[in-house]
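User: I have not looked at this one before. Can you walk me through it?

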Amino acid sequence: QVQLVESGGGLGQAGGSLRLACEASGSLIRFNVMGWYRQVPGKQRELVAELTNSGRTMYADFVKGRFTISRGSAKNMAYLQMNSLKPEDTAVYYCNVEGRFAGGPTQVYWGQGTQVTVSS
């Protein structure tokens, strides 16, 4: 069973940086889209950034110019570089992949999330 595991969350300072990583346990054959979402209590999960198989990136307005999504040299890794952090970036961040892993169908996978807390 494929699992996505996020890491790199924790406590950051306003104006500082954190780098989130997402590692998939399986062998990724092909992906359509990989992305990062975030959610705060009482609100819907929202898209932060996404990367398509063609290399196109898309960022939510509230992170444009501050966050960067990338894929690792190892095909099963994805990253979210977060710079110029703001207290309002505090949330649980989730990794998301729509793709096909070895032995499985094309489907959407979610990680369990990693907490990011930004202090002012």
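**Strand 9 and its surroundings**

Analyst: This is a predicted model. A place to begin is strand 9, which pairs with strand 11 in the antiparallel sense over 3 bridges. Ala 91 has Val 116 in strand 11 as its bridge partner.

User: How many bridges are there between strand 4 and strand 9?

Analyst: Strand 4 and strand 9 pair over 10 bridges, in the antiparallel sense. Gly 35 stands opposite Asn 96 of strand 9.

User: And what do strand 9 and strand 10 form?

Analyst: They form a hairpin with 4 residues between the two strands. Gly 103, in the turn, has a positive phi of about 85°. Strand 9 and strand 10 pair over 5 antiparallel bridges, and Gln 107 in strand 10 is the bridge partner of Gly 99.

User: Why is strand 9 called largely enclosed?

Analyst: Because 8 of its 11 residues are buried, strand 9 is largely enclosed by the rest of the structure.

User: Ok, the core then. How many residues are in the largest nonpolar core?

Analyst: The largest nonpolar core has 29 residues. Those with the most contacts inside it are Leu 4, Trp 36, Val 48, Phe 67, Leu 80, Met 82 and Tyr 93. Elements giving two or more residues to this core include strand 4, strand 5 and strand 8. The largest share, 5 residues, comes from strand 9.

User: What does Phe 67 touch?

Analyst: Leaving out residues up to four places away in sequence, its contacts include Val 48, Leu 80, Met 82, Tyr 93 and Asp 89.

User: Asp 89, is that buried or exposed?

Analyst: Asp 89 counts as buried because its relative accessible area is 0%, under the 20% cut-off. The residue lies in the loop between strand 8 and strand 9. Beyond four places in sequence, Asp 89 touches Arg 38, Arg 66, Phe 67, Ser 84, Val 116 and Val 118.

User: Switching topic: how many aromatic pairs?

Analyst: The count comes to 2 aromatic pairs. Tyr 37 and Trp 110 are edge-to-face, at 4.9 Å centre to centre with 65° between the planes. This pair links distant parts of the chain, with Tyr 37 in strand 4 and Trp 110 in strand 10, 73 residues apart. Phe 101 and Tyr 109 are also edge-to-face, at 5.0 Å and 80°.

User: Are Phe 101 and Tyr 109 buried or exposed?

Analyst: Phe 101 and Tyr 109 are both buried. Trp 110 is partly exposed, at 37% relative accessibility.

User: Which ring does the charged end of Arg 45 sit over?

Analyst: The ring of Tyr 94, at 3.6 Å from its centre. Arg 19 lies over the face of Tyr 79, 3.9 Å from the ring centre.

Conventions:
Residues are numbered from 1 along each chain as its sequence is written. This is a predicted model: local features need pLDDT of at least 70, side-chain atom pairs count only at pLDDT 80 or more; totals for chains, interfaces and linings use all residues. Side-chain values use heavy atoms; hydrogens and water are left out. A nonpolar core is a set of buried Ala, Val, Leu, Ile, Met, Phe, Trp, Tyr and Cys residues joined through side-chain atoms within 4.5 Å. Buried means under 20% relative accessible area, exposed over 50%, partly exposed in between (1.4 Å probe, protein chains only). Contact means heavy atoms within 4.5 Å. Two strands pair if DSSP finds at least two bridges between them. Rings of Phe, Tyr and Trp (its six-membered ring) pair if their centres lie within 6.5 Å; planes under 30 degrees apart count as stacked, over 60 as edge-to-face and the rest as tilted. A charge sits over a ring if NZ of Lys or CZ of Arg is within 6 Å of the ring centre and within 35 degrees of the ring normal.
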